[in-house]
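Have the structure open as you read.

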Amino acid sequence: MRSLLPVLTVVAAILAFWYVACIPMNIHFAAMQAERAGVPVTPEGMAPRREMGAIPLAARNPHIWAETWVQDKPRLPAPHQVAIELWQTTVEKKVTSKRSLVFHGWVTLSATLVGFGIGAVAGVLLAVGIVHSRAMDMSVMPWAIASQTIPILAIAPMIIVVLNSVGVQGLVPKAIISAYLSFFPVVVGMVKGLRSPTPMDLDLMRTWNASRDQTFRKLRLPASVPYLFASLKIGIAASLVGAIVGELPTGAARGLGARLLSGSYYGQTVQIWSALFATAILAAVLVAAIAAMERATLKRMGVGR
Amino acid sequence: MPLVIAAFVLWAAAWWLNIRIANGPAAGSQAAKLGVPAIFGLTLLAMWELIVRGLDLPMVILPAPSMIAERFAASLPILWQDFVQTVVKGALSGYVIGCLAAFGTAILVDRWDFLRRGLMPVGSFVAALPIVGTAPILVMWYGFDWQSKAAVVVVMVFFPVLVNITAGLQETTQMQRDQMKTWAASYWQGFWKLRLPAAMPFVFNGLKISSTLALIGAIVAEFFGSPIVGMGFRISISVGQLALDMVWAEIVVAAIAGSAFYGIVAFIERKVTFWHPSQRG
Amino acid sequence: MIQAKGLDLTFQTNDGAVQALKGVDLDINRGDFVSFIGPSGCGKTTFLRCVAALETPTGGSLTVNGMSPEEARQARAYGYVFQAAGLYPWRTIAGNIRLPLEIMGFSKAEQNERVEKVLELVDLAGFGGKFPWQLSGGMQQRASIARALSFDADILLMDEPFGALDEIVRDHLNEELLKLWERTGKTIGFVTHSIPEAVYLSTRIVVMSPRPGRITDVIESPLPKERPLDIRDTPEFLEVAHRVREGLRAGHAYD
Amino acid sequence: MIQAKGLDLTFQTNDGAVQALKGVDLDINRGDFVSFIGPSGCGKTTFLRCVAALETPTGGSLTVNGMSPEEARQARAYGYVFQAAGLYPWRTIAGNIRLPLEIMGFSKAEQNERVEKVLELVDLAGFGGKFPWQLSGGMQQRASIARALSFDADILLMDEPFGALDEIVRDHLNEELLKLWERTGKTIGFVTHSIPEAVYLSTRIVVMSPRPGRITDVIESPLPKERPLDIRDTPEFLEVAHRVREGLRAGHAYD
Amino acid sequence: AQDEVTLQLKWVTQAQFAGYYVAQDKGFYDEAGLDVTIKPGGPDIAPEQVIAAGGADVIVTWMAAGLAARERGVPLVNIAQPFKSGGLQVNCLKSTGVESPEDFPGKTMGVWFFGNEYPFYAWMASLGIETDGADENGVTVIKQAFSADPLIQGQADCISTMTYNEYRQILQAGIGEDELVTFNYLEEGFGMLEDGLYVLEDDLEDPEFKDKMVRFVAASMKGWKYAEENPEEAAEIVLDNDETGAQTLDHQVYMVREVAKLTAGTDGALDPADYDQTVSTLLSAVSPDNPAITKEPEGAWTHEITDEALN
Ligand SMILES: Nc1ncnc2c1ncn2[C@@H]1O[C@H](COP(=O)(O)OP(=O)(O)OP(=O)(O)O)[C@@H](O)[C@H]1O
Ligand SMILES: Nc1ncnc2c1ncn2[C@@H]1O[C@H](COP(=O)(O)OP(=O)(O)OP(=O)(O)O)[C@@H](O)[C@H]1O
Ligand SMILES: Cc1ncc(C[n+]2csc(CCO)c2C)c(N)n1
Ligand SMILES: [Mg+2]
Ligand SMILES: [Mg+2]
């Protein structure tokens, strides 16, 4: 844990900056409220303050700084507000409650995992095809790259609608969008991995007269494992993004994505920020889980040191 | 139905042709390298057309490629305006700012290991914040015009570029660094003459990944507030107006722009890292 | 055993054709230890690869045990050892040696038996359970030789197997290889850059020269089969080494 | 010139301390050509790195030209040549040779002049515009020597500079190096694994042995300064080579 | 067995759709022999597209969007119109100097798109105000996200609001009613029919489907009446159905009350005069920006269902 101290330092610096940033961000509203409550603020009146930049206003009213950290619907919520909201919506709420982030997180997570499963399997299969068929290599790869330049948010609604029309709804459409985002890194990494054996390794197999299938199972596949895990880590993060994007057009019903969106309709910034952090934490956990699987697998294979 | 069957027959035929070319004597030629994916792509388009017509799908669900092409040709001025707004103003400026910021940070991180060990984990956490969440916030902060789109792009590209540059700057071998030491080179001499050139393949890896991210980020950000021009704006309002042909025309622009952007970066990469084994063929 | 007549091989590359082998005539008999020596690019590796059916000659004829190289490959007629040990890091030493046996469909019991036997043969008994990276370079190279021996091919082709090792380890392995050859009576084709190594090991030394790759000299060794390391300081040895060096220099143009 | 007295160096590693050098005493005089030979891990590289101030000894004393190694480094007292040529692929040969000159702040004109001169010296005139990967391994290694010579350091430290090359190219470079040494009168420290190379090149051969790394023998060469390649077949040469081999074997335990 | 009906809403679960949720919750649909699935909408859901793809039997949408879809080949028919009047308005800050529509030029205006932009363009066209940038005869239009932020943050001089939602958000953000200027589209003469129920024309040919819709509309209107009379309970019901957990009770109670003002004065049958007004407004401002409809629609509404349902 050599990194603990540096990480804590950086986090502390960010938090400090964050608190400071809250002041100009939220000062206008704080000034208005203060004025209503009878606390003197300079300048008086909404209009002149509106003309004024946030920083000069903050500079002239240090006595209301504290108010910028406790607003209900701030432009920028203070760190502790987000932390409290996170705590309340994860630990203090029943996990079955609609207000529980665990509940919404699970909805998103399940779509993520299904989508990731589909994407990873599809990616691996495609990679196997690409490595074994020149025709597939030459024709599919450029289009796989092009496919990733399409803004997913634009076609996600169409995917949802089309699948809906054939009676598929709920988790599966989200999972498919999530799979669409995660298959590409897996393809790229897996192709690299399956091609990682050196010409010498392959020649050796040839001298033993190994079949294509044997070469695949005994050489290409094990050689690709480190590459596979590296791309799975990217892929699962992409999956999570996909699941969230997929939640936006499913009727903003459940899930972290819906939570982000509905928060924005009602100006509930604290809710948005806590959903954001919940997502990032979920991503970190997922990546860490893959990393743990990677370590275990490599160790079992004897490659990990 | 016959059209649908025709689609699959066409597919089988094209696939057979591609296998012939790919395994034939001309497989290595430039023509084959372009022809095979082109045949594949055209086949997909033709199948799409045939299936849409065969199943008589309503345009508001999935327009046929021919309709999209028609709309594309008829809307060139709008598409161009949108392209300028989103790609040139939003994506490119954000990309440049993000990459420069990442470069500057990479130098700091490279000089102070403490910073690297602190910033990288936190950075990867911040990078995991989904843009569908950060975009509305940035629009709230930076306004509706391209500045907020650029901000979204900056946030999206910063970390991948930073990670790659940082990894690249550590790419030198012990021997190379020792060599610099025997010449009593200063930090900056070592940086400019050894570490930066050696990092270039990594730097470009980051730049390539970020090029597609930049475009997607700029488009997506427009969904959360924009002036009445831009690719994301057009896509979102066109869905509301059920002008699906326009939606797809914009998607085509996005795909072309994204691939071209990627291609240009890859081209520069080839010029700059001509010396790297992966570029020497 | 191995017969090459007027063997040609031309590679087509981006900047023109490279004639890697031109008119190579060579007979290798059962039980021979033939070394190939010559400057870089003279076609030593290419010749070995032709024998192993890893390349297809563009002219001339080549037979292995009376078969075409391809048939011989299918019949698993040879073990091939490369410069780098090329052991798979995810398999133990025993697992690596077992690999060709698995591929060739030996029974589990026989696999184990053979692995044991060849580990013994290369002096690695007891190391079967280790992973490659837990062994020194020399030990890894011995394991790779064990792997090539495991399925009892008649012919052993070795392409600079000790090129990456330091001289003392190399000496030691040379000694071992010689003993092994005596014990097993295999036919060995051996590529090296080192004159003493070639002279010390071989019954015959093939000197090659590049552009185009061809044989310039074939030197029969007068040395006895029994060769202690000290033999390298004897006049006979030096005499052969001198001849090889002369042969090399003749075919070598500095540029 | 270079004076080591009771030099110790212990590396702290995860699994305990490694004594890479223990009680090394050695004097190298101006114009000497000193070779270091010994089995892997005996501290040859470590000693050279101490001289070059790339490692800091943990005991004993070491002076270079009467200064501490660190001061000598700052004074740019030596050129260092590594086993791999280590040329930057993004610079031409001339660009690579110019690199230390740029760093040391020579004027453009002088840079060009020196580059020309050393290219000539290593027989690479005309190749300045090529990129490293367009040259053979031997030519690359010569370029790397040229680079170390370009700024005219008194001392040349070479760590297995020809280890990766084939024997014929190596012979040739040995000859060249010897000529160069005569012409320039530099002091050279040279690490090698090859006994003939050490004997052929040196005025003095330092034999080392590992665990802990120490000097077991220092052999003064009786050979004349003028050494054609053929000298290697003379009895004097073989006599020295034999002594070196004996010295090596004594310090070497197979494991 | 119950007949299944899927209803696609135009927006997320909120009291704007209280009638349907109440009917569901109070068992009115059940009593009518219906098993109704209510699908919430969102910013990326075009209900017209959903119904065209077969994902719903009946949708809630605005008439302008419904007619636009009809012209693009999705033959939607209005079968009922629970909202008599509209809640769409424009709010400006007084401090920007806007007092009447004549003051718009030179200002920045937030507009909702995604099929909500038609009334705005019609209004601007009639005012002769250009929408291509701020100068002496034009305004800068921005695509407003579905919230009141741009006004609160000062990014726009005027924004779109709904009486029952964003308007209150502005007030709650501390901007007083006295600081705001409000333009109601209805009062300006550009009101367009808002939340109506639409189905596909072909479906109506099926008597069974018609019968289902008759029962559906009848039960839904019962729900709307109940909601009008019991705002607190209705708000609770909406809250129960909101799966995001983002809604608050007091806001939803407010919304039920405001929505009640819009549903007041109708039994759910479309008033042809309102329809004609909507169509003529749309046709008065046909432009590339405003491609809602280009010609008089035909058969876009029917009384067949309401006549039976509300006998
Ligand atoms: N696959 C190939 N394609 C094109 N040229 C090749 C190929 N393989 C080898 N060559 C060329 O054929 C010639 C002979 O190569 P080969 O590898 O047999 O030499 P070698 O004697 O083994 O050299 P070294 O000592 O460097 O291993 C060289 O000029 C080489 O560049
Ligand atoms: N940086 C280091 N950290 C720890 N141990 C080291 C380090 N460098 C060298 N050693 C150890 O010090 C000893 C001497 O190493 P050195 O590299 O000097 O040997 P060498 O004689 O050059 O060997 P070779 O012939 O393999 O190059 C070895 O046991 C080595 O493992
Ligand atoms: C919170 C909220 N915001 C806006 C509207 C206006 N409106 C009516 S339907 C619809 C959906 C557009 O996709 C919109 C925006 C609303 N009713 N509720
Ligand atoms: Mg070779
Ligand atoms: Mg060394």
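Which helix gives the most to the nonpolar patch? That's α8(A), with three residues. Keep in mind that this is a predicted model: local features need pLDDT of at least 70, side-chain atom pairs count only at pLDDT 80 or more, and totals for chains, interfaces and linings use all residues. Residues are numbered from 1 along each chain as its sequence is written, chains are lettered from A and ligands numbered from 1 in the order in which they are written, and side-chain values use heavy atoms, with hydrogens and water left out.

**The nonpolar patch on chain A**

- A:Val114, A:Ile118, A:Leu171, A:Val172 and A:Ile176 make up a nonpolar surface patch of about 330 Å².
- Two helices of chain A, α5 (101-132) and α8 (171-194), each give two or more residues to that patch; helices here are DSSP runs of H or I, at least four residues, and strands are E runs of at least two, numbered from the N terminus.
- Patch members need over 30% relative accessible area and no salt bridge; nonpolar side chains (Val, Leu, Ile, Met, Phe, Trp, Tyr) are joined within 5 Å, and like charges within 9 Å.
- The areas come from the Shrake-Rupley method with a 1.4 Å probe, and for residues only the protein chains shown count as cover.
- A:Ile176 sits in helix α8 of chain A, and its relative accessible area of 33% makes it partly exposed (buried is under 20%, exposed over 50%, partly exposed in between).

**Chain B against chain A**

- Among the six pairs of chains that touch, A and B have the most contacts (heavy atoms within 4.5 Å).
- Chain B and chain A each put 45 residues into the contact.
- About 3,900 Å² is buried between them, with carbon and sulfur atoms giving 84%; buried area is the accessible area (1.4 Å probe) that two parts lose on being put together, summed over both.
- B:Arg117, B:Phe125 and B:Trp141 supply 15% of the area that chain B buries against chain A, more than any other three residues.
- The rule finds zero salt bridges between chain B and chain A (a side-chain nitrogen of Lys or Arg within 4 Å of a carboxyl oxygen of Asp or Glu).
- Three residue pairs are in polar contact across the interface of chain B and chain A, both at pLDDT 80 or more; that takes a pair of N or O atoms within 3.5 Å, and within protein one must be able to donate a hydrogen and the other to accept it, while residues adjacent in sequence count only if both atoms are side-chain atoms.
- On the side of chain B that touches chain A, α11(B) has the largest share, at eight residues.

**Chain A against chain C**

- Here the contact takes 20 residues from chain A and 25 from chain C.
- The buried area is about 2,200 Å², and carbon and sulfur atoms give 61% of that.
- Three salt bridges are counted between chain A and chain C, and A:Arg206 and C:Glu70 meet in a salt bridge through their side chains (3.9 Å, N to O).
- Nine residue pairs across the interface of chain A and chain C are in polar contact, both at pLDDT 80 or more.
- α9 (199-207) and α10 (212-247) of chain A each supply at least two residues of the side that touches chain C, and α9(A) gives the most, with seven.

- Chain B and chain C don't touch, with their nearest C-alpha atoms 10 Å apart.
- Chain C and chain E don't touch either, and their nearest C-alpha atoms are 48 Å apart.

Terms used
Buried means under 20% relative accessible area, exposed over 50%, partly exposed in between (1.4 Å probe, protein chains only).
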